[in-house]
Amino acid sequence: MDEIAVEIIPAMMVAIVARQTAMDRLYAQKVVEMMNRDDLVLFAARREHEGYVDNYIGRVSLWLAEPDEPEVWKYARDAALINALYVNERARSQGIARALMLAAEQEAVDRGRKLLAVGVESSNDVARRLYESLGYAYRKCGDSDTYKTSWDEDAEHGGATHVEVEAMLMVKALG
Ligand SMILES: CC(C)(COP(=O)(O)OP(=O)(O)OC[C@H]1O[C@@H](n2cnc3c(N)ncnc32)[C@H](O)[C@@H]1OP(=O)(O)O)[C@@H](O)C(=O)NCCC(=O)NCCS
């Protein structure tokens, strides 16, 4: 049986992970810059089989610095942020996102963080179900259940599309 291995990716490997998991080039550059300031940890997953390792099939960023979206620290002060969770289409529904999330959560705990947050598009039922099953709860943004934001959405073959979205903030207390 193949094992799913989740690794912390060093800066010199980011371009490879980006290529194999359809990560936008500009986001990959930002990841390296933030990593060099110890503001971000990138995790990637691949399969291991009897000592052999395959290409990367998914990734997630643990964002330790103040998030670009002001709503996150407005409504979830000092939370570390789960960002850019993505699993290649062919590898979905096999527990890879869950394994990536658990690795990112453990790193946040090890770094003494008390709160994790993630912004999820309200129409993204699959991601919402995943976060709910991991114990994330919806946090109201003032009087509203959602906040308006815009972000770059991954395209399957790299690149990104800038989209305006109605997002929900989900949080999980750690430790
Ligand atoms: C969301 C995403 C990362 C899930 O990846 P995945 O590896 O398929 O997820 P997992 O196999 O670990 O599944 C974990 C949970 O997610 C939910 N889930 C996964 N696939 C699902 C599907 N097709 N339908 C409904 N729920 C699903 C379930 O709750 C599942 O738990 P379960 O297996 O106990 O039922 C993946 O679909 C993806 O990359 N989507 C595009 C990018 C994206 O939306 N990222 C999230 C941004 S906030």
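Reader: How many helices and strands does the secondary structure of the protein come to?

Author: The model is a predicted one. Its secondary structure consists of five helices and eight strands. Followed along the sequence, these elements give the pattern β-α-α-β-β-α-β-α-β-α-β-β-β.

Reader: What radius of gyration does the protein have, and what would a compact globule have?

Author: A compact globule of 175 residues would have a radius of gyration near 16 Å, and the protein agrees with this because its own value is 16 Å. The C-alpha trace spans about 50 × 35 × 35 Å along its principal axes. Of the 175 residues, 32% count as buried. As for contacts between residues at least 6 apart in sequence, 66% of them join residues at least 24 apart.

Reader: Which value does phi take in alanine 22, and which in aspartate 78?

Author: Again the general idea comes before the case. Most residues other than glycine have a negative phi. Alanine 22 has a positive phi, near 55 degrees, and is placed in the loop between helix H1 (14-20) and H2. In aspartate 78, phi is also positive, near 65 degrees; this residue belongs to the loop between helix H3 (70-75) and strand S4.

Reader: Is aspartate 78 buried or exposed, and how does alanine 22 count?

Author: Aspartate 78 counts as exposed because it has 11 C-beta neighbours inside 10 Å, where the limit for an exposed residue is 12 or fewer. Alanine 22 has 17 such neighbours inside 10 Å and therefore counts as partly exposed.

Reader: Which residues of the largest nonpolar core touch the most other members?

Author: This core has 48 residues, and those touching the most other members are Leu42, Phe43, Ile82, Leu100, Ala104 and Ala117. Several elements give two or more residues to the core, among them H1, H2, strand S2 (40-49), strand S3 (52-63) and strand S8 (160-173). Taking alanine 104 as a case, and leaving aside residues up to four places away in sequence, one finds that it touches Phe43, Val60, Leu62 and Ile82.

Reader: Which residues come nearest to the ligand?

Author: Of the 17 residues around the ligand, the nearest are Val87, Arg92, Ala97, Arg98 and Leu130. Strand S4 (80-87), helix H4 (96-110) and helix H5 (125-133) are the elements that give two or more residues to this shell. The most come from H5, which gives five.

Reader: Where is alanine 97 placed, and which residues does it touch?

Author: Alanine 97 belongs to helix H4. It is buried because 22 other C-beta atoms lie within 10 Å. Residues up to four places away in sequence not being counted, alanine 97 touches Gly58, Leu85, Val87 and Leu130. Two of these names, Val87 and Leu130, are also among the residues nearest the ligand.

Conventions
Residues numbered from 1 in each chain as written. Predicted model: local features only at pLDDT ≥ 70, side-chain atom pairs only at ≥ 80, totals over all residues. Near = placed C-beta within 6 Å. Helix = DSSP H or I, 4+ residues; strand = E, 2+ residues; numbered from the N terminus. Rg over C-alpha atoms; globule rule 2.2 N^0.38 Å. Buried ≥ 20, exposed ≤ 12 C-beta atoms within 10 Å, placed from the backbone. Contact = placed C-beta atoms within 7 Å. Core = buried A, V, L, I, M, F, W, Y, C linked by C-beta atoms within 7 Å.
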